[in-house]
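This report describes selected features of a single chain. The sequence and the structure are displayed below.

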Amino acid sequence: MNKKKKRKKSKSSCLLSPASICFFISQIHPFAFLLLTYSSSATYRSTSASALMATEGPPATQNRTNSKRGYNMIHPVDLETQRPPPMPHPVSYVELKHSKKWFPWLIPAFVVANIVLFLITMYVNDCPKNSVRCVAKSFGRFSFQPFKENPLLGPSSTTLQRMGALDVNKVVHKKQGWRLISCIWLHAGVFHIVANMLSLLVIGIRLEQEFGFVLIGLLYVIAGLGGSLLSALFIQSNISVGASGALFGLLGSMLSELITNWSIYANKFAAFLTLIVIIAINLAVGILPHVDNFAHIGGFISGLLLA
């Protein structure tokens, strides 16, 4: 009995030891022992390879070995490297600061001043007292001179001279240089002042909103002076009145502003052609009698250079 117990103990100890397990499998089937040896060597190689990779660092592509013991084969499985998606570039927002819009008060004041001076001129003219025939006699002192004398429905040339019209003889010989400025506030008739004041409101208010009353006021006066100077050089026999030179100065400044800020306009050629057509029409009107086209050209050049 004691010998049998000893034999059982030795068998149990053999089952627990790796050598006894190998010996037992080799006794069952020699080929199974070879398979086990191959499997254990492959497992050893994979574990040693993983240890080597851990020491050297992660490779570019990681492979996982999946050994299926049923067939004692190693099946490598390729894992796609999952790179994190690129971070989107931060969107930058640019705040567009709109330029300050000035409140237009100077151009309307100029319009009121021109209308008041025209009414004063008509009052001083007093057509019923100084002429036999008048247009619109019901207006009394504010009635107009005959069409043969003034087709623009306005005062006589003598009255305009008294009020400060441009007369080269008086400017040169009597040293009345102030007429170069005073003439731009006078108008020859109703048609003349209506056309100029409508143009002044359309053009001047927009420019005053953009550039302020100081710049537009200086531009208006200087362009008017430039128109008067050119008119005095070429027209020395007749008198000249009107704000056309100052208006063409504003048109010249608009053309200069369009060329300077060409890139900010959406319809560049449309705006350019529109302005050119307006300038051409106003210059064509200057061909008509009793219209001083030299004042138009002088004012336009002055505004184009000053802007």
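Where does UniProt place the feature "transmembrane region"? The unreviewed UniProt entry assigns this feature to residues 102-124, 184-205, 211-234, 246-264 and 270-288. The model discussed here is predicted.

Helix H10 covers residues 244-260. Its 17 residues reach 24 Å from the first C-alpha to the last, close to the 24 Å expected at 1.5 Å a residue. H10 is mostly covered, with 15 of its 17 residues buried.

The axis of H10 comes within 6 Å of that of helix H12 (residues 293-306), and the two axes cross at roughly 35°. The crossing of H10 with H12 is right-handed. On the H10 side, the contact involves Ser244, Gly245, Phe248, Gly249, Leu251, Gly252, Ser253, Leu255 and Ser256, while H12 contributes Ala295, His296, Gly299, Phe300, Gly303 and Leu304. Of the residues in this contact, six are nonpolar, nine are polar and none is charged.

Val291 lies in the loop between helix H11 (268-285) and H12. Is Val291 buried or partly exposed? Val291 counts as partly exposed because its relative accessibility is 29%, and this class lies between the 20% and 50% cut-offs. Setting aside neighbours within four places in sequence, Val291 is in contact with Val285, Gly286 and His296. His192 is 99 residues from Val291 along the chain, and their C-alpha atoms are separated by 9.4 Å.

Note on methods
Residues numbered from 1 in each chain as written. Predicted model: local features only at pLDDT ≥ 70, side-chain atom pairs only at ≥ 80, totals over all residues. Heavy atoms only, no water. UniProt positions renumbered as here; feature names shortened; annotations may be inferred. Axes fitted to C-alpha atoms, helices over the stretch in contact; angles between N-to-C directions. Helix = DSSP H or I, 4+ residues; strand = E, 2+ residues; numbered from the N terminus. Left-handed = near helix turned anticlockwise from the far one by under 90°. Contact = heavy atoms within 4.5 Å. Nonpolar A, V, L, I, M, F, W, Y, C, P; charged D, E, K, R; others polar. Expected span 1.5 Å × (residues − 1). Buried < 20%, exposed > 50% of the residue type's maximum accessible area, 1.4 Å probe, protein only.
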